[in-house]
Every structure is written in structure tokens, then in C-alpha cells.
Amino acid sequence: MNNGQEELLLLLQKAQNEFGYLSEESVAELAKSLALPISDIYGVATFYSFLSTKPLGRNVIRICKSMPCYLKNCQIIIDTVEKEIGIKPGETTPDGKFSFQLTNCIGACDKAPAMMINSDVYDDLTPGKISEILKACK
Amino acid sequence: MDEIIVTINGSQLRGSEGMTILEVAQENGIDIPTLCYKTELKPIGACRICVVEVEGSRTLVGSCHTPIAQGMVIHTHSPKVLETRKTIVELLLASHPDSCIICDKGNMCELRKIAADMEVALPPFKVRKRYYPIEDTSPYIVRDLSKCILCRRCVRSCSEIAEKNVFAVAYRGFKSKVVVDFDEPIDKEVCRDCDVCTRFCPTGALSKPREVGEEKKGEALFISG
């Protein structure tokens, strides 16, 4: 393992925070400076659900789809969010307000089902709570 | 080098430090099936077909990448091992297209050979197949990723032998896929005159483009009148 591989994840997070997503240009630049193949970096960038290779909206909704949330019927939460903002997981609204994604465990299993909007966690979700939470987003 | 004694299927066998279970077994004529393992490549234990039982271990271990240790007691063909291997082949086949009859690799396919050796018939699992368009832009290589079983032999042979690092694995879980750059169809000039990965591919996922007149090279059919 060379140094480039060790630093890669940190640098990807940094680029994601700075530009909002990992563009082909920033990945290509990282590949050059770390002497790693582009495909390797793309592989890491697509593996983690908190990294994105597509531009994201101002508010990124991430609903947990791991087992405890699944058992607490996160599907009904997913359906409700879909209906509220009119897009499916993996998509971004045309006005750039919301991006909607499913993610792996976010560590709120004791209060499942849970979701994150940007860096805030919302737990113990019910379909009734969703519209209020989304209304508060700008 | 330190000598290590292990027990495989009841008999005591000698090996040296750093050897894997598979290597010791092969030296002593014990046949463990493998798929992602190749002597030329670094073992990664991706396919799990070579699993064996090690007493005291919570799970079965991949023999191709597990080094031997003093006093290990190993079973290579216990009922649990055989059943597990069979299930693994069934799972590999479940997401593999059922197009063997028209596949160019048909009778040279290692996956099919292993399935036949283990007497695996139609898999009992109903799994979504992953269909991808065939990539035939490159004049040097054709990729049909629907047939890919993610053994990573192409990834490893390209970086370890050809030293060109064309491939990597991207995405996650069921969506995992061997990609080139930003998941683009393969069309690279470095693939010219290389042909390393196509020879390592166990299935019909990687091949060379057909040459004109190739189909005439086969044996002539005898049609009785």
C-alpha cells in the first residue's frame, strides 16, 4: 500500500466538502497527484454512500436502509419522502433543493427508522413527521 | 525456514512458514477446487470455492489465502465444506446468464466446469440477473459484463502482470462491477497486443474480438445424405 492509498479517503471527503460532489476533474486531479489509477479512485468514491460522483442538491436526504430500520418499516418513510418531494432515491429535484439517497447504517438503530438531512439526524420517524421536517429545509 | 506440521483429513503433513493451506494440500495431492485463485496472481479469496474447515475456527476459511499454523487441524472434504461449496457455485450461477449454449466460451468456461464437477444443476435461487450492454468499441477486447462473476482475475492480472491498472471494482453489493476509469466502456490503447486479462477470465465476460473468417477454422460438419 503506498501513501496515496492511505490518504485517499480523507482527500475524497475534503474534495466532496469543498465542491459538493466529486467531479471527473477533481478525481482525475487526485489520481495524478497520488499516482493512482482513475478507476481505483472511482471505485472508492462509488463504494461509500456519503461520497457522490454526481452534483447534489442543497439538502441531501439520506434514509437508512439497514436491517433495524428495515424492520421498523423504513419503506413507508421512503414512500412518504418520495411523495413529498416527487423524486426517487438516487435523484435530485430539478430546482436543486433536495437530493434523495438511501444509505447504510448511520448509527441510530435504537431510534429506528432514521434519516439524515445534511449532517442532522432525524430519528423515530413516522410518515406524519416527514412533511414538517422537509418544510423546515431551505 | 521453520517447519510447520498440520493435520489435513487425518494425516500429518509438513509445510514451511508462509505456505497457504491450499499449497500444502496441492503438494500432497489433495484436490481443493479453486476459481479466483491462480498461481501467477496474489490470492484474495474472492470466490470462496476453496473454503475448508479448520477446527477451532468460527467460520470456514478460504484455503488459498490462509497461511498454515502449527498444529492446525483441517478438513478439506467434510460434509459441511462440500455443502457450502455447492451452495457457493449455485449462488454464482444464479446471477450468471443462462446463455451457455450460445456463449463463445461455452465449453472452456471454468465456472461451468466447476459446476459440472460439483454436480450443481439449475440453481434453486431466484435472483435478479445483472444485464449490461456488451462493450465492443475496442479493437482489442470485448467485454460482456453480464457474464462477470467478480473473481477479480482481470483486475489483478492487469495490475500485477501487465502492470497497466486498467480495471478496478466500483459500486457496492449487488451493483458491484469491474469498471474502467469513470465506468466507461473499455476502449484503451494500452490494451493493444496485451491479451493478458482475456486469458485469465474464467467465464465469457472477457474475450478478443472475432476475426474475419474465424468461424471457418473449425472442423467441417459431416452431413450424411
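This is a predicted model: local features need pLDDT of at least 70, side-chain atom pairs count only at pLDDT 80 or more; totals for chains, interfaces and linings use all residues.
Now hop over to chain B, where you can pick out an open sheet of 5 strands. Reading across the sheet of chain B, the order is β2-β1-β5-β3-β4, and the pairing is mixed. Look at the two ends of that order: β2 (11–16) and β4 (61–62) of chain B are the edge strands, and each has a single partner strand, so one side of each has no neighbour in the sheet.

Further in, β3 (residues 51–54) and β5 (residues 73–75) of chain B run antiparallel and are joined by 2 bridges. Lying across β3 and β5 of chain B is helix α2 (residues 79–94), which runs at about 155 degrees to β3(B).

Finally, how do the two chains meet? On the chain B side, 13 residues are in contact with 9 residues of chain A. Two strands to look for on that side of chain B are β7 (167–170) and β8 (177–180), each supplying at least two of the residues. The largest share, 4 residues, comes from β7(B). Sorted by class, the side of chain B that touches chain A has 9 nonpolar, 1 polar and 3 charged residues.

Methods. Residues are numbered from 1 along each chain as its sequence is written. Chains are lettered from A and ligands numbered from 1 in the order in which they are written. Two strands pair if DSSP finds at least two bridges between them. Two residues are in contact if their C-beta atoms, placed from the backbone, lie within 7 Å. Axes are lines fitted to C-alpha atoms, for helices over the stretch in contact, and angles run from 0 to 180 degrees between N-to-C directions. Ala, Val, Leu, Ile, Met, Phe, Trp, Tyr, Cys and Pro count as nonpolar, Asp, Glu, Lys and Arg as charged, and the others, Gly among them, as polar.
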